[in-house]
Amino acid sequence: MEEEREKMRQEIRDKYKIPKKEEIAEQQQQEPDNPLMRKKKTPEELAAEAELEDQDEFTKLKNTIETQVNELKSQIESKCVMQ
């Protein structure tokens, strides 16, 4: 009997293009487009993001220094000739 009811419900949904309640719940769980409506981040999430940003800045600085050192090294090696 329940199967028949579900079949009728599905036919009505298909006819009027109504999504199933489960589908609606899944869509609501996704982050909304409006930034004011998004879920607030916990302090742990904020700390993790800040740490990633610091690592990114540190990595950029490290890479910059490494390239400059390598350039200086190549310049010095080109000027100094071992006899």
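A salt bridge is defined here as a side-chain nitrogen of Lys or Arg within 4 Å of a carboxyl oxygen of Asp or Glu. By this rule, three salt bridges are counted. The structure is a predicted model, in which local features need pLDDT of at least 70 and side-chain atom pairs count only at pLDDT 80 or more, while totals for chains, interfaces and linings use all residues. Residues are numbered from 1 along each chain as its sequence is written, and side-chain values use heavy atoms, with hydrogens and water left out.

Confidence is expressed as pLDDT, the predictor's confidence in each residue, from 0 to 100. The protein has an average pLDDT of 78, and 76% of the residues score at least 70. Confidence is highest in helix α1, at 90, and lowest in helix α2 (residues 21–29), at a mean of 62. Helices (H or I, at least four residues) and strands (E, at least two) are DSSP runs, numbered from the N terminus.

One of the salt bridges joins Glu2 to Arg9, with the closest N and O atoms 3.2 Å apart. Glu2 is partly exposed because its relative accessibility is 48%. Arg9 has a relative accessibility of 34% and therefore also counts as partly exposed.

Arg9 also forms a salt bridge with Glu6, at 3.3 Å from N to O. Glu6 and Arg9 are three residues apart in helix α1, so about one helical turn separates them. With a relative accessibility of 27%, Glu6 is likewise classed as partly exposed.

A further salt bridge links the side chains of Glu6 and Arg13, again at 3.3 Å from N to O. Through salt bridges that share partners, Glu2, Glu6, Arg9 and Arg13 are joined into one network.

Arg13 is located in helix α1 (residues 2–16). This residue is classed as buried because its relative accessible area is 15%. Contact is defined as heavy atoms within 4.5 Å. When residues up to four places away in sequence are not counted, Arg13 touches Glu6, Ile18, Pro19 and Lys20.

Technical notes
Buried < 20%, exposed > 50% of the residue type's maximum accessible area, 1.4 Å probe, protein only.
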